[in-house]
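Biologist: Could you walk me through reading a structure like this one? I would like the general idea and then the case at hand.

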Amino acid sequence: MAQVFDGITVLDFTRGMPGGVATMVMSDFGAEVIKVEAPSDDKFRRSSGSIQWNRGKKSVILDLKTQKGLEQAHELSRISDVVIESFRPGVTRRLGIDYPNLSADHPELVYASLTGFGPEGPYANYKGYDAVVAAKTGRMMMFSGQNTREGPNYVVVKGVCHSAATALIRGITTALYLREKTGLGQMVETSMLKTVTTYDHISWIHGQMIAKDPDTHPPDPRVGIGRPNPTGYLPARTKDGRWIQLGNIVERLFRSMIHSLELDFIYDDPRYKTAPFLAEEHVASLERMMLEKIQEKTLEEWMSLFAGEGSDVAAEPYMTSESALRHPQILHNGHVGTVDYSGLGEMHQLGPMVIMAETPGSPKGPAPYPGQHTDEVLASIEMGNKPATKITHNQMPETALKGITLLDLGTVINGPLGCALVAELGARVIRIEALDGDWGRQGIQGISVQRTMAGSEGICLNLKTPEGQEIMQKLAAKADMLLHSMRPGAPERTGIGYEQLTKINPDLIYLYAGGYGSTGPYSHRPSMAPIAGAVSGGGVAQMGRDSFPPQDQAMTIDEIAAVSKQLKRANDGTADHTTAMVNSVGLVLGLYARERTGKAQYVESTMIAANAYANADDFYWHKGKDARRLPDRDGYGLDALYRLYQAKGGWVFLACPFEEEWRALCKAIGRIDLLEDSRFSTRATREENDESLIEELTGVFSSREPLYWEKLLTDADVACVKAEDRGMYHFFNEDVHVRENGFLQSVEATRLGEFWRYTPVVGFSATEGKAGPAPLRGEHTRPVLRELGYTDDQIQDYKQRGIVDWEEE
């Protein structure tokens, strides 16, 4: 079958996980990826996960410090459709492989650039390690409270890398789509500092509303800090010492869970009659009852009950990434496949990022050894292969996806946020909610929709009525894409099934954003954010080393409650955001495929696959694979040279994983003696004496303020930053670097007025992105229905009859 990127050649200058995963996905979907490597040892080749994300690529060795190497790079770019690089700002210009140079005689080239902190400003040359960005921006505060100590908490899952990888795919695919229409390429730009903002759907707007309208939004000390997960998201220990994650905050799921636990009597108690909405003082007592109840059965017994036909309870056991490779639904969906590696044997690894019915992805073979294809690829230059130049170039649209309409029927966070990321590309997104609005509008006056529904128009529609389904059909007839997150069977009952809508509009790209998928043993089951975190291995890893008592160890209920509280914070709710990014990738892949093949298709994204991809550095197995590196149980970091340290009046994060950085660190802090100390003279001895090195460096960093260490060490090209200890809102609201790079944009929303929002994650050189506010519930019901030909009298009648609705301004 055809694939999305058939005939597309990608020249990959990136190192590390973001670029590696992005080009792996392009390879899986048909691109020829040529990975350019230096003659010297690539340190990132030793990174866990590189054996996975380098799969299916061709490796060439070029010395870009020589004239010959640069000439070869230029020649390769001429036969490439896409160039992607992750150098620090200014490096490509010095080497002569920047966008102006490479596109001068190749206007069809799509050139993607990823930086750590943006192209300019005081942090421009900081190293873009995942944890450095997470610490600097305050993302580590989302896990504050996981441990008893104050301050930021190390983040295991490389969400920053995941957000950057998916942004690159989204941007490159959109630019290729535009090239199909205009004949012109362009530059695509993003940064890890930009992409990490996708994880903040609430603090940025909450902080501003508190400052702007304290009567409506009273001061809240937890702005920017991760909030404890609600009771419906309780982790619990089973009779046989295993841990299970519940995921039932929606009221009907919560009631189903309570019924399955045989705790229905709680609704006769005035303390709990409003559950899942509880006064804070009653939370602990209800959770204690639930923890005691779950101790009565083994994990297998509970899962048999929860996963059975007719059950409507979201629950999964806690797994490591490796054990998740055997999850029945993951296997059924093809989210895991096998590749044979010379010397390693069979390797189990991630399957394609999304499922595409007409242009499916498939891994193209094992990772190459460095330089494996140098002769073959350079020979192609001598053959004079060049891309066919288009005779005419058409004008670029004002925004990248102008003229494209996406219908958003997703729920809570991952569906609508994925559509909001497509709205940033310029698409018209029409958000379709139930009459009483989406569940995501609950809590903190519903302001979180200013991220999850940003840039959308909103209508409220009753799809259980014939008239509502007729309106939906008229919308679908004019749309290009549709996303929904209903479980199997529900779309057909409400008139939005794939077959139903594609009969009306065969050009409709239809994406199911599911928890588990449309078929298979778990497809009927509900899923919420912490479920995917438990399955993918992220929750277990975040807990750190030796955090779970042995399975056969007896525990008191107080001890169980203490671990459960930690797990609540460790398995945080950003699994939704991680999934949203993959949803957006599925939509633009479908759009580009339609442009190339003339055929629309069914696309499927799942929460379990999306979060497996966020764990791509560990979500694979082969004989002899190293165990995943875990942080200490107090959440400081992985080791002495990759961890948080308390400084005078705050925190720093030090990232010093390579030998030359270790030497530069010791020289910069005036501790040459550490280089001469036999305990620390090699990587192996430093690992053996890690606690001693931590003690040495703790004494060093505690003596001065965080910004002193940041300036001293980054000047020495050692990654060390002040770790934001108030949260993401405070960093982005106050930091000069953010404004120098234009990472914020002013918008105005009905009722809320003017405020700043994060700028679109992906930037283009030849067309604009789009940043807008979110709608009120049903704010655009009337104008959208007028577009469809309905009169004002009909619309008012429909409102009175419960077919459509809107809230008054």
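**Helix packing, cores and a buried strand residue**

Modeller: Gladly, and keep in mind that this is a predicted model. Let's begin with a helix and its surroundings: the buried residues of α30 pack against α6, β21 (642-647), β22 (650-655), α26 (659-668), α29 (690-701) and β23 (719-722).

Biologist: Which residues of helix α30 are buried?

Modeller: In α30, which spans residues 706-715, they are Pro 706, Trp 709, Glu 710, Leu 713 and Thr 714. Looking down the axis of α30, these buried residues fall within an arc of 110°, so they line one face of the helix. The face turned away from that buried side carries Lys 711 and Asp 715, which are exposed. After α30 comes Asp 717, with a positive phi near 60°.

Biologist: Now α6: at what angle do the axes of helix α6 and helix α7 cross?

Modeller: The general idea is that two packed helices are described by the angle between their axes and the distance between the axes. Here, α6 (residues 130-137) and α7 (residues 159-182) have axes that come within 8 Å and cross at roughly 105°. Angles of 65 to 115 degrees count as roughly perpendicular, which makes α6 roughly perpendicular to α7. On the α6 side, the contact is made by Asp 130, Val 133 and Ala 134, and on the α7 side by Gly 159, Val 160 and Cys 161. Sorted by class, this contact has 4 nonpolar, 1 polar and 1 charged residues.

Biologist: How many residues does the largest nonpolar core have?

Modeller: That core has 134 residues, and those with the most contacts inside it are Phe 5, Val 21, Met 140, Leu 176, Phe 653 and Phe 732. Its largest share, 12 residues, comes from α7. Take Met 140 as a case: leaving aside neighbours within four places in sequence, its contacts include Ala 131, Ala 134 and Ala 135, as well as Leu 644 and Phe 653. Apart from this core lies another, of 35 residues, among them Ala 236, Ala 275, Met 303 and Ala 570.

Terms used:
Residues are numbered from 1 along each chain as its sequence is written. This is a predicted model: local features need pLDDT of at least 70, side-chain atom pairs count only at pLDDT 80 or more; totals for chains, interfaces and linings use all residues. Side-chain values use heavy atoms; hydrogens and water are left out. Axes are lines fitted to C-alpha atoms, for helices over the stretch in contact, and angles run from 0 to 180 degrees between N-to-C directions. Helices (H or I, at least four residues) and strands (E, at least two) are DSSP runs, numbered from the N terminus. Angles under 35 degrees count as roughly parallel, over 145 as roughly antiparallel, 65 to 115 as roughly perpendicular and the rest as oblique. Contact means heavy atoms within 4.5 Å. Ala, Val, Leu, Ile, Met, Phe, Trp, Tyr, Cys and Pro count as nonpolar, Asp, Glu, Lys and Arg as charged, and the others, Gly among them, as polar. A nonpolar core is a set of buried Ala, Val, Leu, Ile, Met, Phe, Trp, Tyr and Cys residues joined through side-chain atoms within 4.5 Å. Buried means under 20% relative accessible area, exposed over 50%, partly exposed in between (1.4 Å probe, protein chains only). The arc is that of the directions from the helix axis to the C-beta atoms.
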